[in-house]
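Here is a short report on the structure shown below.

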Amino acid sequence: MGLLTLLFFLIIPFYAGDYLMQVLLFAFITSYLCGAWNIAGGYGGLLSFGHAAFIGVGAYSTTVLLLYYGIAGWIGMILGGFLSAGLGWLVSWTICRFQIKGFYFAIGSMLVAEILMSIVVRTRYLGRGMGITFPSIQNAFHFQFISVIPYYYIALVFVCLIILIAYLIERSRLGWYLRATRQSEEASSALGINVTKMKVMSMTLSSFLTGVGGGLYVLALRFCSPYDVFGIMFSVTLMLGTLLGGRATVFGPIVGTFMLTGVKEGLTFTAEATGGMSSFALVLAAWGVILCLVSKYLSRGIAPWVTDKFCKKNPWKGHP
Amino acid sequence: MNLELVIRALISGILLGAIYGVLGMGFSMVYGIVKLPNFAHGAFAMWGMYVLVVLAEHAQIGPYPGFILNLLLFFISGLFIYRFMFKYILDIEHEMQIVFCLGLMIIFSNLAIVIFGPTSHLLSVPWLEKIISFGDLAFKTATIVGAAVSILFVILIHLFLTKTETGKAIQACADNRKGALLTGLNVERMYAIAIGISVVCSGIAGLALAPLIPIHAGVGFDYAILACLISVMGGAGSMGGALVAGFITGLLLSFQQIFYDLSLAISILYGIMLVILMFRPTGLFGAK
């Protein structure tokens, strides 16, 4: 089943048009980022509203290294990943040191992203509010392509990687520690789990992966704007995609993102067909109704519901 | 930077702060009593603005004579929202409650687009546009009236919560839900009243801010974030804290008059909030 899906996504570029490929590409990048969010927000229980900070750090390091110093995109992505891992380490160390929890952490992380955004907006070197546009050149070593297809395959590899990482985490001791920490900090620390270490580890890993994804995002978009990569909407999208799909599950973030993307494209399509802003808004309101219903009736997310319902031999049965 | 400018920024900051305080108080109240992070809070402020627009443009009632009517309307709609929506999500997890409230926010702001159109409205009420001047200092009437109404409302809520039977019962529910149930309080009814009051808070903030800013469907989300920040800074659940945080926010935002730069004022505000969170991880007056 999984192999068939993979095969389908491998051969689809030969048949689909440019627009569909573009949509699929960004759906894949967002699913990858949601998967990275899932490590901290899902398994670790650190409900973060500020992952845009890590995306932005990764995106800007990639952009600056590539355009100003001519360092290849993939090196920039990894360096950006390390930079945002540093930021993630700092953030998680701070929340453990000062005991910032739950809702307060969510808002605090949002503040970090907003402050970074306002710093970037005021820095001339980073292009201020205008952002930085990439030239449209082909250079495979630098990860710069004119066509969408190479990015599509890179993003597909990234999604496979994040599935693998989530699978490994779920099966490993770390995953069990993280889930125990999420459910009760006091109880798990009484059982001898180093809660601080777990939080720092999950946040640092998640921010590293998010930073790398941010680099890929701007390379594929060929435009790096502070309001986009540091914007709160990006953080909300990551959170929404993961929570809808099912947090702390392997396939949840991907399912959730594809649902979000599908609805978004469907909306655009319907609005273009019926015409007019008000019909667009009406359909968007219907989307809000869907969100409300999902949060009430499928409160564990869509992916766990599907596996419960349709898979007889459910490998994840009984897992929290 | 001269002294007069600083004094003007200070006073208008305090006036704005009162309005922001009411906005944050509603959020804090729901978070403290019902334990629900109500991200749709800003939507009610937006609807408050649109109600004023409708009253000013279509009905012949001026905005403030119809004020009591508005408050009743908001309170009743708060009761309805509790009865038909929030009642059913009290038992689901925190994260999914946030998703629910985001969904609600999307519904409300898009309904506003459907009804009032995507363009922004400007509320023009002649007597609110007038400038009142005290010596060298000059303020819009709208700011002063809005702040006065907000402060009056805060005092009323305080009296309600501390002096009346129902208010005390609401506080009991906030402290200990099971205990309140055991003593025979109608917790559901208290929750409904609390959400009704919170919606009125948000509505009042909307009514007070309406003459000051262009009104469009996007302001709902902005004010939802702002309310959330204010209540976190003051300590979620603490109403006095929300008021203090509202004043801090208003003061800092009004310093854009000195710097001529809103985004700098906002980033200073965010920085101060972060520092507060570090040293008081549950906000200024939050319970440990």
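## One residue in a helix

A:Phe280 is in contact with A:Leu267 and A:Ala271, leaving aside its neighbours within four places in sequence. Contact requires C-beta atoms, placed from the backbone, within 7 Å. A:Phe280 is part of helix α13 (residues 277-297) of chain A. Helices (H or I, at least four residues) and strands (E, at least two) are DSSP runs, numbered from the N terminus.

A:Phe280 counts as buried because 20 other C-beta atoms lie within 10 Å. The cut-offs are 20 or more such atoms within 10 Å for buried, 12 or fewer for exposed, and partly exposed in between, with C-beta atoms placed from the backbone. A:Gly70 sits 43 Å from A:Phe280, C-alpha to C-alpha, and 210 residues away in sequence.

## Model and numbering

This is a predicted model: local features need pLDDT of at least 70, side-chain atom pairs count only at pLDDT 80 or more, and totals for chains, interfaces and linings use all residues. Residues are numbered from 1 along each chain as its sequence is written, and chains are lettered from A and ligands numbered from 1 in the order in which they are written.

## Chain A overall

Chain A has 14 helices and 2 strands. Of its 320 residues, 48% are buried. Among contacts with a separation of 6 or more, 77% join residues 24 or more positions apart.

## The largest nonpolar core

This core holds 192 residues. Those with the most contacts inside it are A:Ala155, B:Leu23, B:Met105 and B:Ala194. Its members are buried Ala, Val, Leu, Ile, Met, Phe, Trp, Tyr and Cys residues joined through C-beta atoms within 7 Å.

Definitions and conventions
Two residues are in contact if their C-beta atoms, placed from the backbone, lie within 7 Å.
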